[in-house]
Amino acid sequence: MNLNILSYFIYLTITAIIIFVVGQILYKNGNVFVSQLVPNHEDLCKKVNKNLLLGYYLLNLGYCAITILSWEKIETINQLIGIITYKTSVILFIIGILHYFNIYMITNYLKKLIN
């Protein structure tokens, strides 16, 4: 059995679930955050938040798919677990960085719009 194919399936499944769950949490909580930054423009806030969610999904899922190209041949189960753990932790780190970067950028941009 080819362990690389098994590892790709496990990795993409785990990261897709993480990305979608975190995306829904960020979308729900982000709507409140954006609404406070731009009061009385609820429709605009929802559109901005939906665009952020879409960009979040595309960027993270695309990165997950691209990282598969750089994997070496997996020969043991221990190597499979190690690679999946490492690659998944990198995705989680990137999600965290992107979240704080988005908050910083949106806050600065919306402050400019308000003033």
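**Reading the model feature by feature**

Reply: A search of the whole structure finds four aromatic pairs. One of them joins Y56 and Y57, a tilted pair with 5.8 Å centre to centre and 50° between the planes. The model is a predicted one, in which local features need pLDDT of at least 70 and side-chain atom pairs count only at pLDDT 80 or more, while totals for chains, interfaces and linings use all residues. Residues are numbered from 1 along each chain as its sequence is written, and side-chain values use heavy atoms, with hydrogens and water left out.

Me: Which two values describe a pair of aromatic rings?

Reply: A pair of aromatic rings is described by the distance of the centres and the angle of the planes. Rings of Phe, Tyr and Trp (its six-membered ring) pair if their centres lie within 6.5 Å; planes under 30 degrees apart count as stacked, over 60 as edge-to-face and the rest as tilted. Here, ring pairs also link Y8, Y11 and W71 into a cluster.

Me: Are Y56 and Y57 buried or exposed?

Reply: Buried means under 20% relative accessible area, exposed over 50%, and partly exposed in between (1.4 Å probe, protein chains only). Y56 has a relative accessible area of 9%, so Y56 is buried. Y57 also counts as buried, because its relative accessibility is 14%.

Me: With which residues is I91 in contact, leaving aside its neighbours within four places in sequence?

Reply: Contact means heavy atoms within 4.5 Å. With those neighbours left aside, I91 is in contact with Y11, T15, I19, Y63 and C64.

Me: What is the relative accessible area of S7, and where does S7 lie?

Reply: S7 lies in helix α1 and is buried, because its relative accessible area is 0%. Beyond its neighbours within four places in sequence, S7 is in contact with W71, I74, L80 and I84. The C-alpha atoms of S7 and I81 are separated by 8.2 Å, although these residues are 74 residues apart along the chain. I81 itself is in helix α3 and counts as partly exposed, at 46% relative accessibility.

Me: How many salt bridges does a search of the whole structure find?

Reply: A salt bridge is a side-chain nitrogen of Lys or Arg within 4 Å of a carboxyl oxygen of Asp or Glu. The search finds one salt bridge. The side chains of D43 and K47 meet in a salt bridge at 3.4 Å, N to O. Both residues lie in helix α2, four residues apart, which is about one turn of the helix.

Me: Which residues form a nonpolar patch on the surface?

Reply: Patches are made of residues with over 30% relative accessible area and no salt bridge: like charges are joined within 9 Å, nonpolar side chains (Val, Leu, Ile, Met, Phe, Trp, Tyr) within 5 Å. Accessible areas come from the Shrake-Rupley method with a 1.4 Å probe; for residues, only the protein chains shown count as cover. I17, V21 and I25 form such a nonpolar patch, with about 270 Å² of accessible area together. I17 lies in helix α1 (residues 3-37) and counts as exposed, at 52% relative accessibility.

Technical notes: Helices (H or I, at least four residues) and strands (E, at least two) are DSSP runs, numbered from the N terminus.
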